[in-house]
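Hi,

Here is the structure I promised to pass on.

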Amino acid sequence: MKKILLATEKAFVKEAVEKIAAIVKEANYELIKLENYKDPKDLLAAVPAVDAIIIRSDIVNKEVLDAAKNLKIVVRAGAGYDNIDTKYAAEKKVVAMNTPGQNSNAVAELAFGMMLYAARTWFTPKSGTELRGKKLGIHAYGFVGRSLAAIAKGFGMEIYAYDPFVDAAVIEKDGVKAVKSVEELYGTCQYVSLHIPATEKTKKSINHALLSKMPKGAVLINTARKEVIDETSLLKMFEERPDFKYLSDVEDTVKEQVVEKYKDRAFFTPKKMGAQTEEANINAGIAAARQIVNFFEKGDLTFKVN
Ligand code: 3PG
């Protein structure tokens, strides 16, 4: 009987877990649950006998892959898979997958909510500004970027996007202006929302040269990854530009420093929670479980990322 481990340091809602369990049971596999664990050692101890693992932002590095002697597949129930050592997994003949699009609406709603929160001066009685007619720059037009554009449209924002991997025609079909360079995006938009993955190329790519191009009243929203921001540049922006605001859901390393000095211009969620909705948990959980069953039963490699 195949053993499927659900390893989530940040647990899914009950209904998502029940739905995963039902899919696993129907396939005649065994589900092992490691939820809300506190120590990476708990994950290490849980993996030796399992054939498959479902994770969220849980770290699957060399150590975990070496310990998981029977592992054939690891599925990241979510979009970004920078938490998996995909190269080493491939060397060990372990398939890595993600579940693209399944939690994107949740992340887009949070990004938009944070934008609104900044525009309305942190929900204090202080006079704010409206989003209608303001320019929003969407940095990367994937599932989250598209969902965000749809929401922002309802608010009457002027929307721009930069994504070198998406045809301008696809972007413009949504009523979004496709800009040709990242510099143009930051130079044009008062609000910028990040939706790029953390890769060797994108790490620290959001730097001072780019951020300083943003117009007056600049607001940067990060529901992507902390690694894509050059944090020294971020601190420099706070120092140089009293108009600059930053709202983040990514557990930045400089969080304490920013809160201490610039708390009126920054907001950090207590824990990464963009994808933490019932719907996103259920969608991503079901997708991950189904992908595992389809992989074992039909050799289906759709969504393989390594
Ligand atoms: C993702 O990459 O899917 C999001 O960052 C959500 O991550 P989470 O599952 O850890 O909440």
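A salt bridge here is a side-chain nitrogen of Lys or Arg within 4 Å of a carboxyl oxygen of Asp or Glu. Before the details: this is a predicted model, so local features need pLDDT of at least 70 and side-chain atom pairs count only at pLDDT 80 or more, while totals for chains, interfaces and linings use all residues. Residues are numbered from 1 along each chain as its sequence is written, and side-chain values use heavy atoms, with hydrogens and water left out.

By that rule, the count is 11 salt bridges. One of them joins K271 to E9, with the closest N and O atoms 2.8 Å apart. K271 sits in the loop between β12 (266-268) and α12, and E9 in the loop between β1 (3-8) and α1 (14-26), so the pair ties together parts 262 residues apart in sequence. (Helices, H or I of at least four residues, and strands, E of at least two, are DSSP runs numbered from the N terminus.) K271 is partly exposed at 37% relative accessible area, and E9 is partly exposed at 34%; buried means under 20%, exposed over 50%, partly exposed in between (1.4 Å probe, protein chains only).

K203 and E200 also meet in a salt bridge, at 3.4 Å from N to O. Here K203 is partly exposed at 37%, whereas E200 is exposed at 69%.

On to the backbone: T121, not a glycine, has a positive phi near 45°. T121 is in the loop between α5 (104-119) and β6 (135-139) and is buried, at 14% relative accessibility.

Cheers
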